[in-house]
Amino acid sequence: MSRKLSYSRDILAMGDKDLEVFVHRWVAQQKKEYVDHEEFGNANDLGRDVVGFLTYQRHEGAWDNYQCKMLGKTLDDSAMHQELGKIFYFASQGHFTTPRKYIFVAPKGFNRKAEHLLNNPEYFRKQILDEWDIRCAKKIKAKQTIILTSELERIIREFDFTNISGIDITKMLTLKGIDFVLADTVGDDPGEALHGVVPDDI
């Protein structure tokens with residue numbers, strides 16, 4: 001069995017929290033991209049699981065959200081609407097700026113409707129606006145209906161939906177530096193270090 005195939009099985013065997021921890025460890029390695037990072041995944045995470053901060057302004061500046069979904073099946077379009085609805089709503093309430101990028105991490109993949117949304121960003125925007133009442137309004141806060149206010153609508157219209165993406169198990173195994181995080185997670189040897197020259201000044 002190839003090690004890549006074994007790693008694939010290691011990831012698919014993870015639980016919800018295991019996946020969040022794993023993704024957080026990978027984000028922590030992206031030092032050229034992020035100046036800091038945080039794992040928020042809990043009952044009061046306001047729609048955030050793992051966050052990479054691009055500036056020291058943290059949530060007042062640019063940041064990326066990694067939404068982790070370890071499900072028994074592929075991620076569907078309803079779940080994507082619900083999770084994005086949370087981010088847009090809490091951003092409209094001033095908890096944070098809207099993220100620069102929103103990445104769904106779903107090792108078991110995406111169903112056809114979810115894939116269609118990921119591949120058609122303007123259609124996704126239109127659908128979340130047109131169908132807010134049935135897809136998001138009652139899915140954000142327990143026993144509350146969140147109406148589509150003018151501020152909330154403005155945030156959705158201004159958000160760049162081309163920055164919404166999905167990562168399944170196949171893509172996860174191609175991420176830069178993922179082998180080292182996987183090897184450390186499962187106690188494996190990541191292989192020889194890359195060749196290079198150590199600089200005099202660090």
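Author: Gladly! Let's begin with contact, which means heavy atoms within 4.5 Å. Please keep in mind that this model is predicted.

Reader: Which residues is Phe104 in contact with, leaving aside its neighbours within four places in sequence?

Author: The list for Phe104 is Gln67, Leu75, Met80, Glu83, Leu84, Phe110, Leu118, Ile164, Ser165, Gly166 and Ile167.

Reader: What should I make of nonpolar side chains in general?

Author: In soluble globular proteins, they tend to be buried together. Here, the largest nonpolar core has 34 residues. Phe104 is among those with the most contacts inside this core, along with Met80, Phe88, Ile128, Trp132 and Ile164. Two or more residues come from each of E2, H3, E4, helix H4 (112-119), helix H5 (121-130) and helix H7 (150-158). H3 gives the most, with 7 residues. There is also a second, separate core of 23 residues, which includes Met14, Trp26, Val27 and Val105.

Reader: Lys86 is found in helix H3. Is Lys86 buried or exposed?

Author: The cut-off for buried is under 20% relative accessible area. Lys86 has 17% relative accessibility, so this lysine counts as buried. Not counting residues up to four places away in sequence, Lys86 touches Leu46, Gly47, Lys139 and Ile140.

Reader: How far apart are the end C-alpha atoms of helix H2 (residues 16-28)?

Author: They are 19 Å apart; at 1.5 Å a residue, the 13 residues of this helix should span 18 Å, which agrees. Buried residues of H2 include Leu19, Phe22, Trp26 and Val27. The buried residues of this helix pack against strand E1 (36-39), strand E2 (50-53), E3, E4, helix H8 (169-172) and helix H9 (178-186).

Reader: And how do I look for empty space?

Author: Rolling a probe the size of a water molecule over the atoms shows where such space is left. In this model, the largest pocket holds about 410 Å³ of space. Its lining has 10 residues, and Gln29, Gln30, Lys31, Lys32 and Lys176 are the closest to the pocket centre. By class, that lining has 3 nonpolar, 3 polar and 4 charged residues.

Reader: What is the volume of the second largest pocket, and which residues line it?

Author: Its volume is about 230 Å³. Among the residues lining the second largest pocket are Trp26, Gln30, Tyr66, Arg100 and Ile167. Strand E3 (63-68), strand E4 (101-105) and strand E5 (164-167) each supply at least two residues of this lining. The classes here are 6 nonpolar, 2 polar and 4 charged.

Key. Residues numbered from 1 in each chain as written. Predicted model: local features only at pLDDT ≥ 70, side-chain atom pairs only at ≥ 80, totals over all residues. Heavy atoms only, no water. 1 Å grid on protein atoms, 1.4 Å probe; cavity = no way out; pocket = protein on both sides within 12 Å on 5 of 7 lines; lining within 4 Å. Points joined across faces, edges and corners; volume = space filled by probe spheres on them. Nonpolar A, V, L, I, M, F, W, Y, C, P; charged D, E, K, R; others polar. Helix = DSSP H or I, 4+ residues; strand = E, 2+ residues; numbered from the N terminus. Expected span 1.5 Å × (residues − 1). Buried < 20%, exposed > 50% of the residue type's maximum accessible area, 1.4 Å probe, protein only. Core = buried A, V, L, I, M, F, W, Y, C linked by side-chain atoms within 4.5 Å.
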